[in-house]
Amino acid sequence: MKSIYSLSLDEMQDWLEDKGEKPYRADQIWQWLYRHHVASYDEMTNIPKTILDQLKQEFIFSPLRTQIIQKAQDQTTKFLFELQDHSMIETVLMYHHYGISVCVTTQIGCNIGCKFCASGLIPKVRDLEAGEIVAQIMFIQRYLNQQAKGEKVSHIVVMGIGEPFDNYDNVLQFIRIVNSDKGMAIGARHITVSTSGLAPKIRQFARENIQVNLAVSLHAPNNETRSSIMKINRQYPIEELFEAIYEYIHLTNRRVTFEYIMIDGVNDRPEHAIELAKLLRPMLKLAYVNLIPYNPVAENPFERSSEENIARFYDLLMQNGVNCVVRREHGKEIEAACGQLRSQYERQRREKRARRTKEELRQLSQARKANQVQN
Ligand code: SAH
Ligand code: SF4
């Protein structure tokens, strides 16, 4: 069943009109959802019961059930949710000097399969519905309301599990809902979408006429290195990716962020920094590089670059006129990197299942033995 959070305001109005109801009820319902952040239909006290009953029949309220909430020392909080089909997703809440951001998941698993990424280990099971993405924001807003400090989600990063441009329509619908003046009204400039580089979708995104920030996971300055860690680069090599990015910049006049995870011995040498600076030279004013210390994942051999290598890389970029920053880490001790909590949870679940099976087998064989003795 779809969630009520999947509907845009227009769709809500159409739905009401179909039922012979007044469209202004849509505004009222949206106020309950996005201004009062209610947790159930029954809290919508000015909506007639007949409408609520029909809503309940057609739309689930929140499709999320919490499994785990983990809080790190820096207050970064990670939520593991179970969806209606029992799939697991994760969402991260982060505190910054400029506000509170939420990192959302857009797919169950990811088909892009980058070698360094925990999410890429699990092939895509399905795309998330727009409402399943909106619900992550609303759950966290309600969590903040419970803390009673008057805090509000102010920024969104679409950087959780999944490739957002491989679930383009739902992600766009999600953005329009949370950005809507009558919804959460989160400013487009406060929303960042990160893609592994699906060139045709970058071109499409450039034409959407929304002021959302675009981040591209570059991670390497040449095809050889990039293809060795991101197989998507074979489909959309750097030349094609950059053509799409130029088009995006040309059409939107917006800055592009390049994410660059620093992996020891793979992409962190001085020659990589020089090559990266050359690659970005034609767009220097509009390019911004985020150097991200790699978060090691149990399932692969990659290690984080040393502090010295990161500092040397940063200095070289700066000397060559590239705007860049080393991204501060959030929630280091709670496995806050993309997909890590989920993969850790799944691992534990598998191990538990294996232990249980072993225990069952042991009991069975004991029972058999006892039986044989009796016989
Ligand atoms: N699929 C999209 C968005 C989700 S990943 C994308 O790839 O851009 C968000 C960012 O986290 C990407 O830049 C990704 O490369 C990075 N990332 C993935 N695993 C990581 C890890 N273990 N440590 C640090 N960054 C990681
Ligand atoms: Fe998918 Fe992004 Fe992870 Fe690559 S880095 S596997 S695109 S989630």
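## A charge tour of the model

Start by selecting Arg176 and Glu208: they form a salt bridge, with their closest N and O atoms 3.4 Å apart. Arg176 sits in helix H5 (residues 168–179), while Glu208 is in the loop between helix H6 (199–206) and strand S9 (213–217), so this pair ties together parts that are 32 residues apart in sequence. Colour by accessibility and you'll see that Arg176 is partly exposed at 39%, whereas Glu208 is buried at 19%. Bear in mind as you click around that this is a predicted model.

Next, pick Asp53 and Lys49. Their side chains meet in a salt bridge at 2.9 Å, N to O. Both belong to helix H3 (residues 49–58), and because they are 4 residues apart there, about one helical turn separates them. Lys49 is exposed, with 61% relative accessibility; Asp53 is partly exposed at 30%.

Now jump to Glu271 and Arg269, another salt bridge, with the closest N and O atoms 3.1 Å apart. Glu271 is partly exposed at 45%, and so is Arg269, at 36%.

For a network, select Arg203, Arg207, Glu243 and Glu247, which are linked by salt bridges. How many salt bridges does the whole structure hold? A search finds 16.

Asp10 is found in helix H1 (residues 9–18) and counts as exposed at 53% relative accessibility.

Last stop: the cysteines Cys103 and Cys110. Cys103 is buried at 10% relative accessibility, and Cys110 is buried with a relative accessible area of 10%.

Notes
Residues numbered from 1 in each chain as written. Chains lettered and ligands numbered in written order. Predicted model: local features only at pLDDT ≥ 70, side-chain atom pairs only at ≥ 80, totals over all residues. Heavy atoms only, no water. Buried < 20%, exposed > 50% of the residue type's maximum accessible area, 1.4 Å probe, protein only. Helix = DSSP H or I, 4+ residues; strand = E, 2+ residues; numbered from the N terminus. Salt bridge = Lys/Arg side-chain N within 4 Å of Asp/Glu carboxyl O.
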